[in-house]
Every structure is written in structure tokens, then in C-alpha cells.
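The tour goes stop by stop.

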Amino acid sequence: MKQVDLVILGAGPAGSAAAVTARRAGLSVVLIDKARFPRDKLCGGLVTGRCAAHLARIFGQAITEDLFDTRRNFEFFMQGQDLGRLDDVPPLHLTMRRAFDAQLLGHARAAGAQDYTGHRVSTLDLAQNRVTLDRGEPLSFKALIGADGVQSIVAKELFSRAFDPARVGFALEIEAPAQTATLATPIRIDFAAARWGYGWSFPKRGSTTVGVAGLHTHNPDMKPCLSTYLDLLDTGQGAKIKGHFLPFGEGKSRPGRGNILLAGDAAGFVDPITGEGIGHAIHSGELAALSVAHAIGKNKPDQALTHYRRATRPIRNAIIQARLLRPLIFAPHLQAFFARSFANSRSLKRNYMHLLSGETEYPALLLRVLTRLPAACWRNIRRKNP
Ligand SMILES: Cc1cc2nc3c(=O)[nH]c(=O)nc-3n(C[C@H](O)[C@H](O)[C@H](O)COP(=O)(O)OP(=O)(O)OC[C@H]3O[C@@H](n4cnc5c(N)ncnc54)[C@H](O)[C@@H]3O)c2cc1C
């Protein structure tokens with residue numbers, strides 16, 4: 001039977017980042033994906049400054065014009081109300097996942113990962129450290145990284161379900177015909193386009209990606225939200241609608257077991273406010289591979305999770321802090337308050353943008369909000385009771 005140090009299941013951003021990092025650490029790596037690449041992945045394709053830094057460090061991947069449309073203009077709405085526009089935000093980059101993921105997989109192949117894309121796993125035996133592919137080939141491993149997305153079969157095997165249905169998000173998206181977009185065409189975010197969620201319109205050169213996302217429990221049927229949103233934007237009618245779960249801030253506190261680790265969406269590493277997941281996927285893929293390399297180096301693969309939990313603490317803490325802030329933005333009874341505060345405050349808009357770009361992290365933002373909240377609440381009470 002073929003034996004390798006590391007099997008990675010899933011060749012999305014998390015899997016490719018893990019593969020490149022593990023190869024750099026000298027491990028033998030098999031990278032399995034049920035899809036053949038290039039393949040589509042439902043996603044807005046917004047790459048933040050934080051994510052761009054991970055791309056450069058892990059893959060040596062620059063923000064190149066062939067892969068990204070860079071934007072510096074952003075506008076915010078809430079249920080049709082204009083909350084303002086910023087025209088000099090830190091750069092944000094829009095990509096199509098079909099090309100982006102294929103490019104990252106190319107880096108993993110070039111680093112020497114054995115490419116098993118286009119193959120499903122028929123059995124996954126975590127107790128025996130063995131996977132068998134659909135073509136009958138068994139593989140034995142010292143460690144395994146489940147980077148197989150929100151419906152992860154590795155997470156299901158470990159925890160009997162891939163995600164918590166009470167916490168997961170759901171998103172619908174379409175590709176609308178390209179606007180006559182220029183570099184100044186803004187990225188648009190609509191808070192409350194779905195309950196406990198938002199809508200987006202991302203103008204790219206080939207098409208405009210338009211979608212809505214929110215907590216699944218509050219939006220059991222998301223289609224009316226998308227249809228209202230498309231009417232509002234007057235675009236996309238008749239386009240093919242696709243849906244996908246989004247692990248909207250349910251970061252697993254134990255992302256794995258022993259020598260089996262989960263990375264990216266499989267671990268629930270998506271920002272509960274912005275919905276950003278690509279950056280966390282790449283970063284956690286890297287950390288998972290480093291943790292495996294460290295544990296194998298000490299001849300104790302079972303200790304990989306201990307290293308990984310320590311390494312991912314900042315990601316998991318950021319998700320917890322964002323979840324604490326989320327009601328201020330998304331709770332229906334606070335929406336009017338949020339809309340007024342956001343529309344009137346350039347610094348609030350800037351904080352949001354700096355968060356997206358990676359120039360502010362949640363601890364700093366949480367502190368800023370907590371120190372200013374009492375005064376804002378007091379102003380709100382006085383406005384209501386003059
Ligand atoms: C509608 C929508 C819009 C989004 N927009 C953004 C955005 O603009 N910016 C952002 O940062 N994030 C966004 N996200 C989140 C982002 O898409 C994810 O967080 C990111 O793709 C996670 O990467 P990953 O590598 O963990 O998983 P994935 O990208 O999902 O990759 C998982 C891979 O595993 C493979 N796989 C799955 N099951 C198996 C199996 N059984 N066997 C073998 N292979 C398997 C899949 O084929 C896939 O290639 C969005 C998500 C949605 C749903």
C-alpha cells in the first residue's frame with residue numbers, strides 16, 4: 001500500500017496552502033479532490049488585504065491583473081437607504097474562483113504535491129490512518145488534513161456532522177452580465193438584504209457577482225431575499241441561481257482530533273460579519289501543515305492537534321469577537337440605530353474597511369466599539385426622548 005506523510009482532502013485554497021507548506025517542510029503529500037480543476041466554487045471572490053498578505057507569503061502569489069480586478073471604491077446601503085460611499089479605501093481585489101483556485105493548485109503541484117484531483121474517496125478509515133480512492137487504491141498516512149469545505153466528510157467522520165445547523169449561514173449567488181465597470185465602479189454592500197446577513201454586488205471584468213447571505217435559521221427560504229435584491233439593483237433577472245452553505249462564524253474550538261486536522265470551511269473559519277473565508281482558509285491550511293510537520297518531526301503525529309489549536313487561537317478568537325459584535329450590525333431591532341450611526345460616521349465606515357483590508361483586527365475594533373457604545377446609546381435615547 002502506498003504510504004505518505006500527509007493526505008490532504010480538498011484542493012481549494014485551504015488544501016493548496018497546506019500542500020505547498022507541507023512540501024516546503026519536506027513532507028510527502030497527496031492532494032485529493034473530487035473535482036477536476038479548473039472547477040467552479042460559489043463565492044464572491046473578494047480577496048482582502050489580509051488574504052493578499054497570506055497569498056504572497058505562502059504561495060508567492062502576487063495580485064496580478066490577469067487574476068484580479070482591484071477596487072478602491074465602496075458603497076453601503078441598508079434596505080435601499082444610502083449609508084454612504086468611500087472612494088479611497090485600502091485596495092480590495094475581486095477574482096473568479098475558477099481561475100484563482102486552479103492557480104493555487106498549480107503552486108501545490110509545482111511544489112511537488114501528488115495530484116489526486118478528480119478522485120472521490122470511497123472509504124475513510126481514520127482509526128487505521130487509511131483512505132481508499134474510488135478507483136480502489138488504498139493510501140496510508142501519518143496525518144490527514146480535511147480541507148474539504150463546509151460539507152466536510154472528515155468533520156462528519158470526527159463529529160458526526162460537518163456543521164452546526166443552528167449557526168451555519170446560507171448564501172445564494174448569481175453571475176449578472178458585466179456592468180460597464182471602470183476602476184471607479186464601487187463594490188456594493190447592502191446590510192440586511194437577508195435577515196442576519198447582507199447582500200453584495202462585486203463588479204468584475206467578465207460579470208458582476210451578486211448575492212445574499214445570512215444565518216440559515218433566520219432565512220429558511222432565501223430566494224425571496226435574492227429576488228428582492230436583484231429587483232433593487234435591476235439586474236440578473238433570469239440568471240442561474242446557485243446556493244451554498246457558509247460556516248458563518250462557527251469556528252470549531254477543537255478543529256480535529258490527534259493527527260486529523262480540519263482547515264478552512266471544514267473548521268468553520270469564516271468571519272461572522274464580513275463572510276470572508278478565503279484568507280482564513282489559506283492561513284489555517286498553512287498552520288495545519290506546519291503543525292503536522294512539527295508533530296511528525298517529533299515522531300508524534302498524534303500531537304498535531306495540540307500544536308494546531310495553539311496556532312489557530314488568533315483565528316478562533318477573532319471569530320468569537322466578531323460574533324460578539326455581530327448583533328450590533330445584524331440584529332433586526334438594532335438596524336435603525338446601526339443605519340443611522342453608520343450613515344453619519346465616516347470613522348465607522350473606515351473601521352469596517354480597515355477590518356476588511358486587514359489593517360485593523362477584531363480585538364482593537366471591539367475595544368473601540370465598547371468604549372464608544374455607551375455614549376452612542378445615550379445619544380440614541382436622547383434623540384428618541386428629546
Ligand atoms: C456565496 C458565497 C460567497 C462567498 N464570498 C466570499 C468572498 O467574497 N470572499 C471570501 O473571502 N470568502 C467568501 N466566501 C467564503 C469562501 O468561499 C470559503 O470560505 C472558502 O472557499 C473556503 O475555502 P476551503 O479551501 O476551506 O474550501 P472550498 O473552497 O470549499 O474547497 C473545498 C474543496 O474540497 C473538495 N471536496 C469537498 N468534498 C470532497 C470530498 N468528499 N472528497 C474530495 N474532495 C472534496 C471540493 O471539491 C473543493 O474543491 C463565500 C462563500 C459563499 C458560499
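Start by selecting Phe59. Phe59 is buried, at a relative accessible area of 7%; buried means under 20% relative accessible area, exposed over 50%, and partly exposed in between (1.4 Å probe, protein chains only). This is a predicted model, in which local features need pLDDT of at least 70 and side-chain atom pairs count only at pLDDT 80 or more, while totals for chains, interfaces and linings use all residues. Residues are numbered from 1 along each chain as its sequence is written, and side-chain values use heavy atoms, with hydrogens and water left out.

Phe59 sits in helix H2. Helices (H or I, at least four residues) and strands (E, at least two) are DSSP runs, numbered from the N terminus. Now show what surrounds Phe59. Leaving aside neighbours within four places in sequence, Phe59 contacts Pro13, Ser16, Ala17, Val20, His54, Leu104, His107 and Ile282; contact means heavy atoms within 4.5 Å.

Next, select H3, residues 97-110. Its 14 residues should span 20 Å at 1.5 Å a residue, and the end C-alpha atoms are 19 Å apart, which agrees. The expected span is 1.5 Å times one less than the number of residues. Colour Arg97, Phe100, Asp101, Leu104, Leu105 and Ala108, the buried residues of H3. Look down the axis: the buried residues fall within an arc of 130°, so they line one face of the helix. That arc is taken from the directions from the helix axis to the C-beta atoms. What do the buried residues of H3 pack against? Helix H1 (13-24), strand S2 (29-33), strand S3 (46-47), helix H2 (49-59), strand S8 (114-117) and H6. After H3, stop at Gly112, where phi is positive, near 105°.

Move to Phe37, in the loop between S2 and S3. At 14% relative accessibility, Phe37 counts as buried. Not counting residues up to four places away in sequence, Phe37 touches Ala11, Asp101, Ala102, Leu105 and Thr117. Check the peptide bond from Phe37 to Pro38: it is cis, with omega near 0°.

Select Glu286 in helix H6. Is Glu286 buried or exposed? At 11% relative accessibility, Glu286 counts as buried. Beyond its neighbours within four places in sequence, Glu286 is in contact with Ala17, Ala18, Thr21, Arg57 and Ile58.

The contact is made by Ser284, Leu287, Ala288, Ser291, Val292, His294 and Ala295 of H6, and by Ala304, His307, Tyr308 and Ala311 of H7.

In the loop between H6 and H7, find Asn299. Phi of Asn299 is near 60°, positive in a residue other than glycine. At 69% relative accessibility, Asn299 counts as exposed.

Last stop: H10, residues 346-357. Lys349, Asn351, Tyr352, Met353, Leu355, Leu356 and Ser357 are buried in H10. Gly358 follows H10, with a positive phi near 90°.
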